[in-house]
Amino acid sequence: MIALGTGIIPICDERGRTIAFGGRVLGDELPKYLNSPETPIYSKRRELFGLFRAKGAISRENRAIVVEGYMDAISVYDAGVQNVVASLGTSFTMEQAKKILRYTKNICFCYDSDAAGQNATVRALAIAQNAGLTGHVILIPAGKDPDEFIRMKGAEAFRELVNNSIGMVDYH
């Protein structure tokens, strides 16, 4: 059951068909997120949140920006960076890498700057490299995630971080 004070977000496949839902509590209640269970048509490891809307921008920009969750993707997109998708958690997969390869060979990870996000970035970079993608990293300062950073510093500051992304070797 989803209580009042929540936001419901449709999760669509690459063709724009709704295949699941994500719920986000807007207050301090727990759990913070409540998502659709895995089904034969919805598997988190195969999907990228926002790919239906972002694929044109990914091709035009020749780069996909991957964030952890749908709230980050929504904030980044609203900040004017439309080549953004979310890996629906911190586990970037080979299936997701193959989807990105349909539109570009360049990928830029922007996971949370906490320890879990940074560890996930290292794993994601290895998967991207094994898939044939060229990986970069957007560094978010001060233990924040992209959504928090944009709310605190604004869209222009985030776009500056995107423009200053670092390569895989420099990140390591």
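Buried means a relative accessible area under 20%, exposed means over 50%, and partly exposed is in between, computed with a 1.4 Å probe on protein chains only. The structure is a predicted model, in which local features need pLDDT of at least 70 and side-chain atom pairs count only at pLDDT 80 or more, while totals for chains, interfaces and linings use all residues. Residues are numbered from 1 along each chain as its sequence is written, and side-chain values use heavy atoms, with hydrogens and water left out. Helices (H or I, at least four residues) and strands (E, at least two) are DSSP runs, numbered from the N terminus.

**Exercise 1. The aromatic pair**

Task: Determine how the rings of Phe92 and Phe109 are arranged, and state whether each residue is buried or exposed.

Solution: Rings of Phe, Tyr and Trp (for Trp, its six-membered ring) pair if their centres lie within 6.5 Å, and planes under 30 degrees apart count as stacked, over 60 as edge-to-face and the rest as tilted. A search of the whole structure finds 3 aromatic pairs. In one of them, Phe92 and Phe109 are 5.0 Å apart centre to centre with 80 degrees between the planes, and the pair is edge-to-face. This pair links distant parts of the chain, since Phe92 is in the loop between strand E5 (84–86) and helix H3 (94–101), whereas Phe109 is in strand E6 (residues 106–109), 17 residues apart. Phe92 has a relative accessible area of 5% and is therefore buried, and Phe109, at 0% relative accessibility, counts as buried. Ring pairs also join Tyr111 with Phe92 and Phe109 in a cluster.

**Exercise 2. The sheet**

Task: Work out the strand order of the open sheet, and find which strands stand at its edges.

Solution: Two strands pair if DSSP finds at least two bridges between them. The open sheet has 5 strands in the order E5-E4-E6-E7-E8, with mixed pairing. E5 and strand E8 (166–167) stand at the edges with a single partner strand each, so one side of each is left without a neighbour in the sheet. Strand E4 (residues 64–67) pairs with E6 in the parallel sense over 3 bridges, and the bridge partner of Ile65 is Cys108 in E6. On E6 there is also a parallel pairing with strand E7 (residues 134–137), made by 4 bridges; here Asn106 stands opposite Thr134, and Phe109 stands opposite Val137.

In a regular strand the side chains alternate between the two faces of the sheet.

**Exercise 3. Two packed helices**

Task: Describe the packing of H3 against helix H4 (residues 115–131) by angle and axis distance.

Solution: Axes are lines fitted to C-alpha atoms, for helices over the stretch in contact, and angles run from 0 to 180 degrees between N-to-C directions. H3 and H4 pack at an angle of about 55 degrees, with their axes 9 Å apart. Met94, Ala97 and Leu101 in H3 meet Ile127, Asn130 and Ala131 in H4, where contact means heavy atoms within 4.5 Å.

**Exercise 4. Two aspartates and a valine**

Task: Locate Asp112, Asp147 and Val76, and list what each is in contact with, leaving aside neighbours within four places in sequence.

Solution: Asp112 is placed in the loop between E6 and H4, and with a relative accessible area of 14% Asp112 is buried. The contacts of Asp112, apart from those sequence neighbours, are Glu68, Asp72, Gly117, Gln118, Lys144, Asp145 and Pro146. Asp147, in helix H5 (residues 146–153), counts as buried at 12% relative accessibility, and on the same terms Asp147 is in contact with Met71, Asp72 and Ser75. Val76 lies in helix H2 (residues 70–78) and is buried, with a relative accessible area of 0%. The contacts of Val76, again apart from sequence neighbours within four places, are Val67, Val81, Val84, Pro146, Ile150 and Phe158.
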